[in-house]
Amino acid sequence: MNLNVVKKSPWILHYDGTSCNGCDIEVLACLTPLYDVERFGIINTGNPKHADILLITGSVNEQNIPVVKQLYEQMPEPKAVVAVGICATSGGIFAECYNVAGGVDKVIPVDVYVPGCAARPESIIDGVVKALDILAEKKKAMPKKRIGEK
Amino acid sequence: MGNRTIVPFGPQHPVLPEPIHLDLVLEDETVVEAIPRIGYIHRGLEKLVEKRDYQQYCYVAERICGICSFMHGMGYCMSIERIMDVEVPERGEFLRTIWAELSRLHSHLLWLGLLADAFGFESLFMQSWKLREQVLDIFEETTGGRVIFSVCDIGGVRKDISSETLMKIRTVLTEMEKELKETTSVFINDTTVKLRTKGVGVLTKQMAFDLGAVGPMARASGIEMDMRTQGYSAYGKLDFKPITNDGGDCYARTRVRIKEMFQSIDLIRQCIDKIPGGDINVKVKGTPNGEQFIRLEQPRGEVVYYTKANGTKFLDRVRVRTPTFANLPALLETLKNCSLADVPILILTIDPCISCTER
């Protein structure tokens, strides 16, 4: 494989909204030997301050809206958000449940939507690769600052 | 006595794929009390039964949890079948059992991986998940899905497995058994693993009984309790015994789950040997009327399904009592007087499935 394709090895932060676990285990499956994205330096980190891409599975509800917002705010710029699975996109099969507020884009801006119930690891990886381009664009758009400058 | 500190654990934590929040009250490094706060994944899908008719609800029931998805669908279908007096053809029952045992196998492998990850044994985590992919390949070949199959239906199953595929599953499992022996021997014999799991989080038989623990948690404390012995589906025609261990600690629970994986492989083999020909499902007509109570053995323990129908397309009530919920009191009890470093292992040792618990 031509490694020039990989412009950056993003670190991923995964948060489970109200997902049924299906997408979560597929996100983890991306990191394990069959798909193994770790060989490109993509690591699932637990710390939002180290993360470039936020993967959210499942929709949002009253109780986790503050958590999602806080995680997003703690991530350094430039950052991208990938909504994994149909629940994170629109609420999916649970859209009509009383405790589901809807897709993740109700709370934070989403850059890439990955469809599927449960989303397949291939499409999750594809979503992250798309997010890489968005990250690069966001980085270009950021004003250049010197250290200590405000 | 040291100063008391409260350390928040979760909802977003590297060790947990799912959010649960615990306030750990610490005295120096020792946990004095753990105060849980759940509800991050609550969707309210029991209420959805009013908006989806009883056949559509199969799909919702399967999405209660993505790990034991098949068994949730199966439990719901069984309860409706009992209400409507539907007799599932024998081949359908055997196919259900095969998929259910494969689910148990993949769930336990997933758990072993997460446990290894919790005590920092990264390569063991990768090995377990590598083995798990073989089970997922079987799922993909037989049902079309990797995690959620939608193959269980009221009145039977939607897809048949051809005899060639069954033979193939047999060979795959035989190969896998060898690799499984190698990987699991690390969990049983490795000194560092033993240091982290032996004597940690001891739950005595009496405690497990009083706190209502279920599944491997209860069986590792010496309670012989396995819902499969009721003989639902095809289990009545298979030969097996519940696996128990008297240790009551994390090590015992690991051993019980490891033995259960080999037991699952054995049960699938028995199913492949004994599976009869014929139909895989029956047509279901009419609407259910009445109520029913079903108990199943999931990878995490006993799940209870209560369904109440009123003669229309829409059910009155579906209630699910999931195994993780039953195991939470036992978890909180074992967390007391443990060291802070052991908390991730103890939380994983009950094999938490929060999305089941909160629905």
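This passage describes how two chains meet in a predicted model, and then looks at a few residues within them.

Local features are reported at pLDDT of at least 70 and side-chain atom pairs only at pLDDT 80 or more, while totals for chains, interfaces and linings use all residues. Residues are numbered from 1 along each chain as its sequence is written, chains are lettered from A and ligands numbered from 1 in the order in which they are written, and side-chain values use heavy atoms, with hydrogens and water left out.

Chain B brings 42 residues to the contact and chain A brings 39 residues, where contact means heavy atoms within 4.5 Å. Between them the two chains bury about 3,300 Å², with 61% of this on carbon and sulfur atoms; buried area is the accessible area (1.4 Å probe) that two parts lose on being put together, summed over both. On the side of chain B, the most area is lost to chain A by B:Gln12, B:Arg43 and B:Arg146, which together make up 20% of what that side buries.

Three salt bridges cross this interface, a salt bridge being a side-chain nitrogen of Lys or Arg within 4 Å of a carboxyl oxygen of Asp or Glu. A salt bridge joins the side chains of A:Glu26 and B:Arg146, at 2.8 Å from N to O. The elements of chain B that give two or more residues to the side touching chain A are helix 1 (57-62), helix 3 (90-118) and helix 4 (122-143); helices (H or I, at least four residues) and strands (E, at least two) are DSSP runs, numbered from the N terminus. Helix 4 of chain B gives the most to that side, with eight residues.

Inside the structure, the largest nonpolar core has 171 residues, and those with the most contacts inside it are A:Ile108, B:Tyr57, B:Tyr76, B:Trp99 and B:Phe187. Such a core is a set of buried Ala, Val, Leu, Ile, Met, Phe, Trp, Tyr and Cys residues joined through side-chain atoms within 4.5 Å. Helix 3 of chain B gives the most to this core, with 15 residues.

Helix 1 of chain A is largely enclosed by the rest of the structure, because ten of its ten residues are buried (under 20% relative accessible area, with exposed meaning over 50% and partly exposed in between; 1.4 Å probe, protein chains only). Among these buried residues is A:Glu26. The loop between helix 1 and strand 2 of chain A holds A:Thr32, which is buried at a relative accessible area of 0%. Not counting residues up to four places away in sequence, A:Thr32 touches B:Phe125, B:Met126, B:Trp129 and B:Glu133. A:Ile42 is found in the loop between helix 1 (22-31) and strand 2 (43-45) of chain A and is buried at 11% relative accessibility. A:Ile42 and A:Thr32 are 11 Å apart in space, C-alpha to C-alpha.

The backbone also deserves a look. Most residues other than glycine have a negative phi, and most peptide bonds are trans. A cis peptide bond joins A:Glu77 and A:Pro78, with omega about -10 degrees, and another cis bond, with omega about -5 degrees, joins A:Cys117 and A:Ala118. Phi is positive at A:Asn21, near 90 degrees, and at B:Asp85, near 55 degrees. A:Asn21 is buried at 2% relative accessibility, whereas B:Asp85 is exposed at 70%.
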